[in-house]
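Try each task before you read its solution.

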Amino acid sequence: MKFSSIAYALFCLLVLAGFVQATRSGFSPFADGGARGMGGHGGSSFYGPTHK
Amino acid sequence: MTEAAPTAAPSTVRALTCTQCGGTLSLRAAGYTVSLVCEHCGATLDTTDPQLRIIARATTALRRPLIPLGSRGVLRGETWEVVGYLERSDGDGDWSEYLLFNPYQGYGWLIDDGRRFSYGFLLDRLPEMDGTQLVIDNGKSLDFYSGPYPAKVRFVVGEFYWRVAVGERVRVTDYVRPGTIVSCEENDSERTWSRMDLLNWGEAERAFGIQQRHPNTSTPSPQEPSPWRDRLVESLIIGAVAAFTLIVIAIIGSGSTRVASADFEAGLDGATRTVVIHNIDIPAHSSAIRISAQSDQLDNSWVDLDYSLVDRRTQQSFDAYGLAEHYHGSDSDGPWSEGNTRPDVRLSSIPPGSYDLVIELAAHRWVPYTSPDFYNARTVDPNPVPIPVTITVDRGGMFGGNVLLGLILIAIWPGFVFWRHYSFEKRRSGDLDADGDDS
């Protein structure tokens, strides 16, 4: 196995570990708000149809 | 890997004198060689004639090959001596061919395309065609690559087993598989098949003691295996395992627990109303919180939902905004409707504790700006129509964005390797495309 593949396997382990930790603590950078989310507000503050 | 140390081979060398210039010549493959090109004056001599009859006088200026005639080297376990050298051109590119001789092995070729060396032999069994593929005696199949294209000898020196001369032309057809190219060379009198295996970088240079070339893949040889292929296979396997594991974790971790639910009413065009859901407990560790609203009776109206999840002990507040809405109408394209009456918002990493959810509700009618009622639409109605809204709070669950981000991160390296492999293969088959366009 090439070194790059070993490094990639370690990287995948890091990603999985981060994913598990995020799932366990309920973290997501895509949240609408919360302690460490980046969304701030959920949904749209604009109302009315966008149909026309 | 082969070593450079030449080993002794039985001497088959005969000393001759050029009948044109009088220079001393060495006939290295005596008994096999048919023609000898004088390395001093370039005259082609007939070695089957005891008088060394001159077949052709030199027409091109002499130059020394990169690997001198008479050099010995060990290639893949066999000792070879360079006995002849010729240069060929197909009009688009030039290449060099060294004729190698070993009294036990016969003849071999060292082909130099100016970038990499290949190790060649004449095939002693006729290849077979299987559809569009060529099958050689070891059972390996090769794809058609190009040809027939003309190749012409531009320079020659040394001894050969046929009467080679500058200007000799053959028609060449190439078949390739990674690492190997098989060429069919034919003229009006004969057809020969030869196989050329690509040598590793530096292998020929070490064998014959010449300066080593630096690897570069900018213009790969037709039979050059992609250096990214193994990486691609490995990264796809690793990536697939990682992606599968991530999805399994996502499925396992997607469960959520209902921690609160309550029904409220928002007055349509009424004042903003504040309601509270008390005692929402988040035990043990930080959790994701999903706040869902459901208001199915909205009709060309919307409900603003301002949420504040307040820690009862610290008064720390986590805020979010939701909007339940539903609109419909009709225009020249026919009836239409839009809006989401069941919006939810997700809060990240809410610390453990006891919380109150403070909700500010305000429902409004939507009035098109073309309506005469447009400017009165936001007036507070003292007797508003109640719009029921159900709020539920769930703890846990999975963020789809996290799954997507994880999959993207896992896919980056295989995607990069695939791109490099694909671009290599595209460059490698560049001549094929060009031929295909021409034909």
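**Exercise 1. A hairpin in chain B**

Task: Find how strand β1 (residues 14-17) of chain B and strand β2 (residues 24-27) of chain B pair, and over how many bridges.

Solution. Start with the direction: the two strands pair in the antiparallel sense over four bridges. Strands here are DSSP runs of E with at least two residues, helices are runs of H or I with at least four, and both are numbered from the N terminus. Two strands pair if DSSP finds at least two bridges between them. Next, pick one bridge: Thr17(B) has Thr24(B) in β2(B) as its partner. Finally, look at the turn: six residues lie between the strands of this hairpin, and Gly22(B) among them has a positive phi of about 80°.

A word on the model: it is predicted, so local features need pLDDT of at least 70 and side-chain atom pairs count only at pLDDT 80 or more, while totals for chains, interfaces and linings use all residues. Residues are numbered from 1 along each chain as its sequence is written, and chains are lettered from A and ligands numbered from 1 in the order in which they are written.

**Exercise 2. The length of a helix**

Task: Check whether the span of helix α2 (residues 229-252) of chain B agrees with its number of residues, and list its buried residues.

Solution. The expected span is 1.5 Å times one less than the number of residues. Now the burial: Arg231(B), Leu232(B), Ser235(B), Ile238(B), Gly239(B), Ala242(B) and Leu246(B) are buried. A residue is buried if 20 or more other C-beta atoms, placed from the backbone, lie within 10 Å of its own, exposed if 12 or fewer, and partly exposed in between. These buried residues pack against α1 (3-25) of chain A together with α3 (400-428) of chain B.

**Exercise 3. Two helix pairs**

Task: Decide whether α2(B) and α3(B) are roughly parallel or antiparallel, then do likewise for α1(A) and α3(B).

Solution. The axes of α2(B) and α3(B) are 9 Å apart, at an angle of about 170°. Axes are lines fitted to C-alpha atoms, for helices over the stretch in contact, and angles run from 0 to 180 degrees between N-to-C directions. Angles under 35 degrees count as roughly parallel, over 145 as roughly antiparallel, 65 to 115 as roughly perpendicular and the rest as oblique. The pair α2(B) and α3(B) is therefore roughly antiparallel. For α1(A) and α3(B), the axes come within 10 Å and cross at roughly 175°, so these helices are also roughly antiparallel to each other.

**Exercise 4. Where the chains meet**

Task: Find how many residues of chain B are in contact with chain A, and which element supplies the largest share.

Solution. Count first: 45 residues of chain B are in contact with 36 residues of chain A, where contact means C-beta atoms, placed from the backbone, within 7 Å. The largest share of the chain B side, ten residues, comes from α2(B). Thr23(A) is buried, with 24 C-beta neighbours inside 10 Å. Leaving aside neighbours within four places in sequence, Thr23(A) is in contact with Ile249(B), Gly253(B) and Met398(B).

Definitions and conventions: Two residues are in contact if their C-beta atoms, placed from the backbone, lie within 7 Å.
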